[in-house]
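Dear colleague,

I am passing on the structure below, together with some notes on what came out of going through it. Please read the notes beside the coordinates.

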Amino acid sequence: MRPEDPTTPEALRERYRLERDKRLRPEGADQYLDPTGPFAHFLEDPWVERIERDPVHDEVTVALIGGGFAGLVAGARLREAGVEDLRIIDSAGGVGGVWYWNRYPGAMCDTAAMVYLPLLEETGHMPSAKYVGGAEILDHARRIAERYDLCDNALFSTEVTSIRWEDHRDRWLISTDRGDRVAARFVVMGTGPLNRPKLPGIPGIETFGGKCFHTSRWDWGYTGGDPSGAPMVGLADKRVGIIGTGATAVQVVPHLARDAAELFVFQRTPSSIDVRGNHPIDADRFARLEPGWQQEWLLNFATLQTGGFAEEDLVEDGWTDIAQRIRDRVVQLASELQGSGEQFGPALITRAYEESDDEKMNEIRARVDDLVEDPGTAAALKPWYRQLCKRPCFHDEYLQAYNRANVTLVDTDGAGVERIDRTGVTAAGRHHDLDCLVLASGFEVNISPRARYETVGCGGTTLEQHWADGMRSLHGTHTHGFPNLFLMGLSQGANLVSNVTHNYTEAASRVAAVVSHALDSGATRVEVTSEAEQAWVDQLDVEGAGFIGNAECTPGYYNNEGRPAGRRERLNAARYPAGPVAFFNAMHRWRTEGGFEGLEFT
Ligand code: NDP
């Protein structure tokens, strides 16, 4: 029996606590399996055939590790700054990063295309809709690569195995799994926060006898159909299971529901599903945009999404709605303070946050009741946590998929799938025979730009050693003892997760400015001083500056899977305390007026 829906804020808080406690696992993030050894095939590239080639032994001015949007925008800005000799290296068979890999049915970005797609003005591209699908995003990545000629010299289907600083000649030596030895004056690391699939650590997962793949390696050959939405005819007679109900599964489920003979969705924690409201871009309005519009939209979105004020909400979506509700409630409560004896401070901000969040989450739960016909299924699909405890989702067909006769929600009430065997999956005490099992179990999360290859800096110190007590950097970009290395990450910078590419376009301008200055001034080495790095880390090292969700949240990667974050975890996920817009403004001054304070050019 499910408990009654709470009717008071206290009862709601208690329900949140109970639901969270069900989901806490002592093993935290270690509950997941890394796709190595017997699971290595889960990583294989379904999109290109590996072609053998001779190793490359040469030198470039800048090597860009990663051909996703981080590497692409850095490459674009470096080209604009006149750097000709660039090379992208990526384990994928082409550019696009997460959008290269994730071609599952329904893939779409939840951040509005006008701000998510980088360099729209530079490439002259008008997005087709407010939110665009994965294929259009991948095309845009290719468009940037073409516009800036970033593929000619690239090494694709090539995994970097180590990068090593050679002090005697001020070069990085990059080694790869193809036997390449590429020397580079500068290295830009754009390896992304969510690039490696993780598998659920469910007993027996290796024994499943049917078809099994991770969403980021969709097997179109098996399912039939294509990313543009053509029916997956291969599933017409199949019993399909999907493990996971995160942002990916929410997009996949309506398509599987439409095409599979039967679909079983194995749920551990329901996602919050807000309205999507997609629509085509108005071409007339787009044509009237003034030069410089994208930067204006980016700052407008970042401002409103992080609690600031602006005359107009240009993007107007679920992200800006959440933040503006909280902000407006803070303002309202503050205006009611006079004469009440209460002080403006953290307690009032927490109250404003909770009240506006309760209102929002009540709407989200009411939407489940409105859209899902079976009351038991609707009850199981309601999320009992604050909206920003887990990644908010936005979809207009997901919840309705459960009204179909061929779709079963297998709710495990926080426990997860019990077992997998040769013929199927056991969950919530029942075995379900399956032909196909889709793993929508997410990705290894590296908010700090830590790559899997070894990075060896001055004096043989590795990045792992330098960051043993947590990430250390200046602006999230430079790290002491690792000259001429640029990190393109989120952590220790703006850490704007609602629009990941914005972090990259800003970092790209800094990288291009620093590299040009080094080349113009004849410096062969650029390095952040130890003092500047320490000062930056000290500024970020404040309680609460790390994860988005706190330990009271239901577990997920937003709150370190519910484990209290120590200093190390906090630094790895730290953000500039004054917020993204203040960070971007400070960085603009730093690169245009500040003489690159904290860096030494020698
Ligand atoms: P997530 O990590 O968000 O979701 C993984 C899912 O697998 C969760 O529902 C998790 O449950 C479930 N799971 C894990 N282990 C088990 C188990 N043993 N039994 C049952 N269920 C299990 O991965 P996604 O790929 O969905 O999303 C990752 C991120 O990628 C998103 O947060 C987002 O940042 C990004 N993304 C963005 C999209 C967009 O812009 N539209 C689309 C897709 C992804 P539990 O919640 O209980 O841990």
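How do the residues of the shell around the ligand divide into nonpolar, polar and charged? They divide into 13 nonpolar, nine polar and four charged, where Ala, Val, Leu, Ile, Met, Phe, Trp, Tyr, Cys and Pro count as nonpolar, Asp, Glu, Lys and Arg as charged, and the others, Gly among them, as polar.

Before the details, please note that this is a predicted model, in which local features need pLDDT of at least 70 and side-chain atom pairs count only at pLDDT 80 or more, while totals for chains, interfaces and linings use all residues. Residues are numbered from 1 along each chain as its sequence is written, and side-chain values use heavy atoms, with hydrogens and water left out.

The ligand has 26 residues around it, of which Met 108, Thr 248, Arg 268, Thr 269 and Tyr 557 come nearest (a residue is near if one of its heavy atoms lies within 4 Å). Among the polar contacts (pairs of N or O atoms within 3.5 Å), a backbone N or O atom of Met 108 lies 2.7 Å from a nitrogen atom of the ligand, and a backbone N or O atom of Val 417 lies 3.1 Å from a ligand nitrogen. A polar backbone atom of Ala 247, in turn, is 3.0 Å from an oxygen atom of the ligand. On its own the ligand has 910 Å² of accessible area, and the protein covers 89% of this (Shrake-Rupley method, 1.4 Å probe).

The shell draws at least three residues from each of domain 1 (57–196 + 446–542 + 577–601) and domain 2 (199–271 + 390–441), the bounds coming from an automatic or database domain assignment. That assignment also gives domain 3 (274–280 + 291–388), and the C-alpha centres of domain 2 and domain 3 lie 30 Å apart. Their contact (heavy atoms within 4.5 Å) takes 18 residues from domain 2 and 22 residues from domain 3.

Key
Polar contact = N/O pair within 3.5 Å; in protein donor to acceptor, adjacent residues only side chain to side chain.
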